[in-house]
Structure formats: structure tokens, C-alpha cells
Amino acid sequence: FLELLGAKVELNGFNRFNGGLDCRGGNTTGEHSVFAEWEGNEVMFHVSTLLPPSDEQQIHKKRHIGNDIVIIVFQEDGSNPFSPATIKSNYIQVQIVVRVTRDSNNRNGPAYYHVAVVSQCDVPAFGPPLPYPPIFQKGNEFRAWLLKKLINSELAAYRSKLFVVQLRDTYKALLQEFIQKFPPHSDSKKKREKSAKKKKLITKD
């Protein structure tokens, strides 16, 4: 499944979009990750199995995956049903669950992917639409659909209440900082007042 998503890349020295991963040789986020390009967009995946274990609480994994806006949950055939409530995060807005499925009459036949999409209630609708039944055959068509869905879901999530409030507060703080650095000059105000007085004198004459 990872090979379908993108290419496995070495992080040390990687000079393209890195998704916040360590590319300076410290290996704090592992040695490799999965990178994809689609229609001019660069995507770096935070792969839980490629992120190194840090401690019992898995802080590194939680720091990256728990702060992602969109996540993919991949399940092998026969896995227990996944509940979106399993992952607790204040930032995850969309979960895309991809589950391997096979023909019950031909268990040795080709694998297919059953897809489900779950989002927070205030995330606007985003495409491409999920077909019915939501089952895809492995290949470039499914890869293109999935990458487009991932990118559109993140763009839609930015319009949710969580991010609208955060962006508004950020813009407000930046504006206040700008005003503090570049306050209105009193000299300019005096010049405007003098100019206004001159115009009045000219009018009287």
C-alpha cells in the first residue's frame, strides 16, 4: 500500500517538502518516509511504522500524526473494524480508512480496497465523491483518486471552525505586531494639520 501511495525516500539530505520531518541527519523521525507528487502538489506522509519508537508514550509519533489534519488508517483483510474514536486529537479533521478486501469465493485472487471517509461535522464537503460501492482496484486510478481526496480534504478542513478561529487570532496578532513596529508618526499628523490651515488661508484671500 505504501508503494502505491508514493516513493520511499531517504530523509537525510532530502531537500523537498519534508512535512516537518528531520532531514538533517539526526534521524529523530526515522531514516525514511514516503513522498508523493500529484498535479504540482508535494505530499510527505507521516508513516507510523517508519517513525522510530521514542518511549512508552510514543511522543514522536503522537507529535506528528496527532497534529496532522488528515490521516489514512490502513487495515489488512480480517482486521477488527476501526472506530474513529480510537485516535484522540484536537487537530485531526478527516480520517480516511482503507481496508483490504478480497472476493469471498476466491481468497487467493486480487486484493481490492474498501474505503470509508469520516470528517468532523463542520468540515465542508469535498470531492472527489466516494463511489458506490466504495471499492477500488489497486492501480493508478485509485492512487489518483486517493491523493486528490487527501489534498481536497485538507483544504476543506482549513474552512472548519477550528482553523477559522485560529487563523483569525493569528491575523489579529500579526496586525497588532505590525502596528507596534510601525506606529502612526506624529510628524505626519502635524504636517496634515498645517496643510489644512494653509488651504483655509488661501480660501479666505
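1. Of the 205 residues in the chain, 29% are buried, where buried means under 20% relative accessible area, exposed means over 50%, and partly exposed covers what lies in between (1.4 Å probe, protein chains only). This is a predicted model, in which local features need pLDDT of at least 70 and side-chain atom pairs count only at pLDDT 80 or more, while totals for chains, interfaces and linings use all residues. Residues are numbered from 1 along each chain as its sequence is written, and side-chain values use heavy atoms, with hydrogens and water left out.

2. On the overall architecture, the chain contains 5 helices and 7 strands, these being DSSP runs numbered from the N terminus (H or I over at least four residues for helices, E over at least two for strands). Read from the N terminus, the order of the elements is α-β-β-β-α-β-β-β-β-α-α-α. Taking contacts between residues at least 6 apart in sequence, 51% join residues at least 24 apart, a contact being a pair with heavy atoms within 4.5 Å.

3. The accessible surface of the chain is about 14,300 Å², and carbon and sulfur atoms account for 52% of that surface; such areas come from the Shrake-Rupley method with a 1.4 Å probe, and for residues only the protein chains shown count as cover. On this surface L175, F178, I179 and F182 make up a nonpolar patch with about 440 Å² of accessible area together. Patches are made of residues with over 30% relative accessible area and no salt bridge, like charges being joined within 9 Å and nonpolar side chains (Val, Leu, Ile, Met, Phe, Trp, Tyr) within 5 Å.

4. The structure holds 2 salt bridges, the criterion being a side-chain nitrogen of Lys or Arg within 4 Å of a carboxyl oxygen of Asp or Glu. In one of them R16 pairs with E37, with 2.7 Å between the closest N and O atoms; since R16 lies in the loop between β1 and β2 and E37 in strand β2, the pair ties together parts that are 21 residues apart in sequence. R16 also meets E42 in a salt bridge of 2.9 Å, N to O, and because E42 lies in strand β3 (residues 41–45) while R16 is in the loop between β1 and β2, this pair ties together parts that are 26 residues apart in sequence. Through shared partners, R16, E37 and E42 are joined into one network. Each of the three is partly exposed, with relative accessibility of 34% for R16, 44% for E37 and 32% for E42.

5. D22 deserves a separate comment. This residue sits in the loop between β1 (7–10) and β2 (32–38) and is buried yet has no salt bridge, the nearest side chain of opposite charge being that of R24 at 5.9 Å; here Lys and Arg count as positive and Asp and Glu as negative, with His and the chain ends not counted. The side chain of D22 does, however, reach the backbone nitrogen of R24 at 3.0 Å, and a polar contact of 3.0 Å joins it to the side chain of T28. A polar contact is a pair of N or O atoms within 3.5 Å; within protein, one must be able to donate a hydrogen and the other to accept it, and residues adjacent in sequence count only if both atoms are side-chain atoms. Leaving aside neighbours within four places in sequence, D22 is in contact with L11, N27, T28 and T29.

6. T28, the polar partner of D22, is likewise found in the loop between β1 and β2, and its relative accessibility of 37% makes it partly exposed. The C-alpha atoms of T28 and P52 are separated by 7.4 Å, although these residues are 24 apart along the chain.

7. Most residues other than glycine have a negative phi, and most peptide bonds are trans. N27, in the loop between β1 and β2, has a positive phi of about 60° although it is not a glycine, and E39, in the loop between β2 and β3, has a positive phi of about 50°. N27 is partly exposed at 38% relative accessibility, whereas E39 is exposed at 65%.

8. Cis peptide bonds run from G127 to P128, with omega near -5°, and from Y132 to P133, with omega about -5°. P128 lies in the loop between β6 (112–119) and β7 (135–137), and P133 is found in the loop between β6 and β7.
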